Amino acid sequence: MAEVFISYSRKDKEFVRRLDEALKRREREAWVDWEGIRPTEEFMQAIYGAIEGADTFIFVLTPDSVTSVVCGREIAHAVSHNKRIVPLVARDVNAEAVPEALAKLNWIFCRDSDDFEQATATLITALDTDLDWLRAHTRLLTRAVEWEAKGRNASFVLRGDDLREAERWLTEAGANKERQPTALQTAYIIASRKTAAKRQRITLGAVSFGLVVAVILAVVALFARQEAVKQRDIAVTQQKISASRELAATSQTQLQIDPELSVLLGIEAAQRWPTAEAESALRQAVLGSQLLRVLGSHEENVRNVCFSPDGKYLLTTGNKKGARLWYPATGEEIAEIQEEKGFRSASFGPDGKSIVLVSFSGTLRLCDTSTGRMIKDVNDPNAPAMSASFASDGVVVASAAGSVGRVWQMNSRKTLCELRGHQDRISSAVLSPDAAWVFTQGKDNTARLWETATGRNVSTWNSQENQGWGGVFSPDGTLLVHGAPDYTAVIRNVATGKMISELRGHNGGIKHYEFSRDNKFVVTASFDGAARVWEVATGRMVVEVRGFRGLVAYASFSPDGKFVVTSDSDNAARIWQLATGDAIAVLRAPDTFNSAIFSPDGASVVSGGGKGARVWRVPRRLELRGHTDILWHVAWSPDGGSIVTAARDTVPRVWDAATGKQLSELHGHTGAVWGAVFSPDGKRILTASSDHSARVWNASTGECLHVLAGHTDEVGSAAFSPDGLLAVTTSRDKTARFWNATSGACVHELRGHTDGVLFAAFSPDGKLIATAGLDPTARLWDAATGKPVAELKGHGKGINGIAFSPNGKLLVTASEDQTARVWDISSAQATAVLRGYNDGVVSAVFSPDSRLVLTASHYSNPLIFDAERGQELIALRGHSGELTSATFSQDGRFVLTSADDQKAIVWDPATGNQVMQLRGFQRGVATAAFSPNGKMIVTAGWDPADRPPIYSSAQIVSAEVCCPLDELLALASRRVTRSLTGAERVIYLHEPAGQSESDKPSQGVSR
């Protein structure tokens, strides 16, 4: 049997041949599928046997292998049998597309730009590491699989030294998390021991005598039976765990191919057994699947989709077989409008009550929207229609016969004007939305703009047909964008025909154009794999979005102009945030994507493809815009209904968390506002400012209730007591002050620090106040008297953060001396020093159960420590910039961090795995916070001043996947639109094939 199994995409065959030869030179035998036999179940069993018999599983990482169905099944089988997996990078691959089972491992790079011999040497070292244990794993797995295949026949069990060695191997495996036996291996060893025990009992029965022996045997049998039942239950549990992990791995491989299938497999994995792998896979699948419903199936591609103005109706058209009318909210089909040659274009009337369709044969149809019933059918075989628009007095049509065009009314067939000037056949004619203008292109290599009321040729210019795909009018009909030489486009003023701007930058032909609703921007989709947004007035490129493997077929603005949806040849549509150029959602399906548009309310996207149309949810993202300078602080109200933001612009703002609407502005401060917090009852807000004051505000009205004046330098922080009756403020004037929050009167001045005081916190019972700042000490004060209780010494530099444990027994401080310290409140002594950084620690907080401490430094990974022992448990690896915040969710199940690397990340603190990434600010994320119920996240950040439409803002996004597994399963079940098919159950759940054709597994899936 080969020592190594190599999993790869057929497109990387030459690389794998070179790798195989290099391994042979080093006397390593590899199992490689060279023949490309179709992956029937029989062949897959042969592959599975080869994986089981190999000591190491090598996966050749390339963009093609991570999307291969067969490779995905091979990975899942290797994971389920706990095989050592070595990822070998042959071509650069998007890390986000790599299954977690591979992503979490160390990669060996063997690309064209890397040293092949050095990479091979590194691979050999990996293959030889812990080789004895690996060979024992393979040997036991091979024998266990044979035992299983023989119906667990006792004649195939281990005996004597083999059994003792296997039991020793199993014990060693349990002591090392990197060495994990499979459920089958465990069951096999247990069954072998039971068989050996049975033989011993038979021998004892043969030589024993009398009732005493019988009693002893009965007792032994009882205990043996109990042990057998126990071991059987363990084996069953291990089998369920193994199946769960295999399904979880398979779910991850499907995420970049068919997210809905990924969700279905994640559900199955979690239902088999609630493993950490299953929960993680299901959470990622739910995040990646945005499908709401599938709208039937056309016999050919759905090329175009369009909504009625109110969004109640949806029309889909294909190349042939006509169009279909739908209720997009329910997926119900209203009517099919048949047309053998298909429809060139279709549009709803301004009132949404009728539709006009232009077929490729030149026939016009006017249909009722509510029923699809044809109202009027017009055909002029001598001058086929090319375009139609709704004017104030009915439908206006543009048609052409040879080099002469004609604009006429559909109802009366009255000619409005003739278009004379082209010297050869007119190939296309496009009417403006109000039918006041028409744009034509001809075989004479000219394009012309006409006024339909008079037939006046407004402008003419040279235009090769291959320079661009026609022209598009702006929504109000005042502007036109069209293709031009050298992959450029031109924007013209329709009334004068004069060029306004030229759009230069694409490296391939432009396939689609569209104006934003306010006429300020144009988006272009190109064969060069990019979509670009341009400023109409100047022709300046505002943002370019990429991420495609080929052409971008379509690009369309959201109704508010903040987002663009693109469809491309990578079997995906993507939703982009224009402020940053980041993709906020990738809409994937095992289908082509020809077009994609937003619904009129912007809440959903509809795409057209080879297997019909699909409706997708748009991830909810509310923007809180209004601040005019850098925003650095956000806080939720206790009920999660409101948010307060603080910025350098001196005016805190209060927002409705459900709608993003601004509720009030808090005017009064004359300097930057460093922080703002709600009172425990949510009725008041406390702010701290560089103007030497703090203020108490009415949260509902924005009225200033009290000015807390008295400090002689910047007030850096302010906090309410747990009962909301008191407040504490800190200042660079080296003092903290204690206030009556109801009257605004200063109760105590806390003196003792030798430098600025930056932070203060109340103990959970409100009896103590802790303060810290630029000097290296923290201090405890009696909240009732203002007298000092203790001075906490030990840090070598200033303190950047301070927090009580929720149980009130401990305090943690974060210092610029590269450490954090945990202090016992009763003794005022440090119980643990938390080390692990090479730079200052900027924050430290306890988990809600007081057992963990989360720390963050300037540029290192956030770390999680055991609060009692001070032991580092997990490093959260993923940020690449300066950290700006780190916090636990209120239930302690998740951690949220932010940094100036443009990301906020949600983590699972138990595993250190990323749960979700949030992007949205080009310059960085200043802070991030969970809502009280953990279902929403607010982030704050800023973008360059020259990048519209925002400068500094906050965003509210959904965190509904940050929930317990039972809630996640319920959410996933609501998200899917179908169940596993019979074929999928055979392939992924290994169920027996049914009798019907539909139940047979898929054949011939290519790598």
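Is the crossing of α10 and α12 left-handed or right-handed? The crossing of α10 and α12 is left-handed, a term for a near helix turned anticlockwise from the far one by less than a right angle. This is a predicted model, in which local features need pLDDT of at least 70 and side-chain atom pairs count only at pLDDT 80 or more, while totals for chains, interfaces and linings use all residues. Residues are numbered from 1 along each chain as its sequence is written, and side-chain values use heavy atoms, without hydrogens or water.

**Helix packing**

- Helix α10 spans residues 259-272 and helix α12 residues 965-975; helices are DSSP runs (H or I, at least four residues) numbered from the N terminus.
- The two pack at an angle of about 145°, with axes 10 Å apart; axes are lines fitted to C-alpha atoms over the stretch in contact, and angles run from 0 to 180 degrees between N-to-C directions.
- Glu260, Val263, Ile267, Ala270 and Gln271 of α10 meet Leu965, Leu969, Ala972, Ser973 and Arg975 of α12 (contact: heavy atoms within 4.5 Å).
- By class, this contact has six nonpolar, two polar and two charged residues.

**Cavities**

- The whole structure holds two cavities of 30 Å³ or more (on a 1 Å grid over the protein atoms alone, points where a 1.4 Å probe fits but cannot get out).
- The largest cavity has a volume of about 60 Å³, taken as the space filled by probe spheres set on the points.
- Its lining (residues with an atom within 4 Å of a point) includes Tyr48, Arg73, Glu246 and Tyr988.
- Helix α3 (69-80) gives the most to this lining, with three residues.

Key: Ala, Val, Leu, Ile, Met, Phe, Trp, Tyr, Cys and Pro count as nonpolar, Asp, Glu, Lys and Arg as charged, and the others, Gly among them, as polar. On a 1 Å grid over the protein atoms alone, a cavity is a set of points where a 1.4 Å probe fits but cannot get out, and a pocket is an open set with protein on both sides within 12 Å along at least five of seven lines; lining residues have an atom within 4 Å of a point.
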